[in-house]
Amino acid sequence: LKKKRDRLENLKNDWFMLRLIWKFTPGLLIWELIFGVLEGLNNSVQVLFIKVFYDYINNNASFITALGGIAGIFAFIVIFQIIKQYYYNVTRRCKRQVLEYRMHTELFEISKSIPISSYDDTEFYDNFVWSVSQSDTRAVGLMETLSAIILSSTSFITIVTLFFSISPALSLAAVAASILSLFIQKASAKIQLQSALETTPKNRKISYYERIYSLPDTAKEVRISHVNELIWDKHRETLEQIREVEEKYLKKNCINVMAGKILTSAVEPFIYIILLYQIMISNTVSISGLAVALSSFWALRWCLQDIVDKLVKLPEHGIYIKKLRAFMEYTASSPEDAMVPEPFESLTLQNVSFGYAVNKPVLRHIDFSIKRGEKIALVGYNGAGKTTLIKLLLHLYDPVEGKILYNGMDIRKYACRSYQS
């Protein structure tokens, strides 16, 4: 249940980023999705070319007719490549710069409205630093992942349609075999991950033991002392533990590996046999159909594999985007009905105390009042707290005790930026 909640939260974070991209550069998002579709169609043209080429041969088409058809396909590929290169090398770069500028401008505007005391919070400051340095990179990465999913999905749908028009039964069998193969790979990857999680701390121990013998400061001392035997015993013991873990998971994974090999070895001959039967006995498939079916089979597996790989990356993006979202939504804690201050009449400090660290006060129980038209001076030795007091008056920090009143109203009830201006 927790994993499902985490996945849902990560997808919400991805949606948050997509809305930001749409806000700053809607054209970039639209074109990335469009080029995902166009790239998918372009990849499918290769399979289409094979079908058209063999159809011309099978139907004894004239050379001019075949040349015209093939020239049309190549014209599409060339025109698409020209548009693609212009977009990727000119339009896309310009729009990404606009996205980076507008996103960073928004982040800095938000940072100005947040009390400076918030930056003393390590987690909050980490979110701020990450947001400024990585937000545009993650935005681009998310768009590329979505574009790749659309690309592979478009290729998959187009190729399945072509394959289905040749042999519906074989196309469904190929899709089923590809999906089954992905499940086997996923189960195998899960076992490998469990093995890695168990062996990683043990490998760190091995690295530590080997480093002891390689560092000049410790190598000599170890070799001339009884510690040498102890370390070698620990080293051998840890290596044995790693061997046992790997052996345990290799046995578990053996079934998946064998199933994958058997599936791959059995499906291809099966398809060959069915196609030969349809070509030689039932005459329901042509030579062009054979070529398309064979190329489609492997293309389908690639498309499905790529879709799964990219879908796995979506939650990964969401984990990092969570930091950006936490920073940008920090201002949501401010009251919606925050007051705008009236012209200045008085400023009063009531029993104000403050410290940058716990139990280390800089100001203690400060009481004074300033009225409109008065002139005052803050005098004191270095470190007495003059600058700190100004920061409190500007609402860059909140008092630990007491309160500051502007025209008789607690300054925390005012909109921060309106008060500071």
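Y272 is found in helix α7. Helices here are DSSP runs of H or I with at least four residues, strands are E runs of at least two, and both are numbered from the N terminus. Y272 is partly exposed, with a relative accessible area of 35%. The scale is this: buried means under 20% relative accessible area, exposed over 50%, and partly exposed in between (1.4 Å probe, protein chains only). From Y272 to M409 the C-alpha atoms are separated by 84 Å, and the two residues are 137 residues apart along the chain.

This is a predicted model, in which local features need pLDDT of at least 70, side-chain atom pairs count only at pLDDT 80 or more, and totals for chains, interfaces and linings use all residues. Residues are numbered from 1 along each chain as its sequence is written, and side-chain values use heavy atoms, with hydrogens and water left out.

**Overall build**

- The protein chain holds ten helices and four strands.
- Read from the N terminus, the order of elements is α-α-α-α-α-α-α-α-β-β-α-β-β-α.
- The radius of gyration is 33 Å, well over the 22 Å that the globule rule gives for 421 residues, so the protein chain is more spread out than a compact globule. That radius is taken over C-alpha atoms, and the rule is 2.2 Å times the number of residues to the power 0.38.
- Along the principal axes, the C-alpha atoms fill a box of roughly 105 × 70 × 40 Å.
- Buried residues make up 38% of the 421 in the protein chain.
- The accessible surface comes to about 25600 Å², and 62% of it belongs to carbon and sulfur atoms. Accessible areas come from the Shrake-Rupley method with a 1.4 Å probe; for residues, only the protein chains shown count as cover.
- Among contacts in the protein chain with a separation of 6 or more, 77% are between residues 24 or more positions apart. A contact means heavy atoms within 4.5 Å.

**Nonpolar cores**

- The largest nonpolar core has 30 residues, and M17, L20, L324, F327 and M328 touch the most other members. Such a core is a set of buried Ala, Val, Leu, Ile, Met, Phe, Trp, Tyr and Cys residues joined through side-chain atoms within 4.5 Å.
- Helices α1, α2 (26-58), α3, α4 (122-166) and α8 (287-328) each supply at least two residues of this core.
- Helix α4 gives the largest share, nine residues.
- M17 is in contact with M103, S135, R138, A139, L142, I321 and L324, leaving aside its neighbours within four places in sequence.
- Another core lies apart from the largest one; it has 26 residues, among them V160, V175, I184 and L304.

**Salt bridges**

- Side chains of opposite charge can pair when their charged atoms come close.
- The count is 14 salt bridges. The rule asks for a side-chain nitrogen of Lys or Arg within 4 Å of a carboxyl oxygen of Asp or Glu.
- K23 and E106 form one of them, at 3.0 Å from N to O. K23 lies in helix α1 (residues 2-24) and E106 in helix α3 (residues 63-113), so the pair ties together parts that are 83 residues apart in sequence. E106 counts as partly exposed, at 24% relative accessibility.
- E198 and K248 also meet in a salt bridge, at 3.4 Å from N to O. E198 is in helix α5 (residues 168-214) and K248 in helix α7 (residues 227-280), so this pair joins parts that are 50 residues apart in sequence. E198 is partly exposed at 27%, and K248 is partly exposed at 37%.
- E247 pairs with K251, their closest N and O atoms being 3.5 Å apart. Both lie in helix α7, four residues apart, about one turn of the helix. E247 is partly exposed at 34%, whereas K251 is exposed at 57%.
- E32, R92, R96 and E144 are linked in a network of salt bridges.

**Strands**

- Seven of the nine residues of strand β1 (residues 346-354) are buried, so β1 is largely enclosed by the rest of the structure.
- Strand β2 (residues 363-371) pairs with β1 in the antiparallel sense over six bridges. Two strands pair if DSSP finds at least two bridges between them.
- L349 has F368 in β2 as its bridge partner.
- Strand β3 (residues 401-406) runs antiparallel to β1, joined by five bridges.
- Y406 in β3 stands opposite L347.
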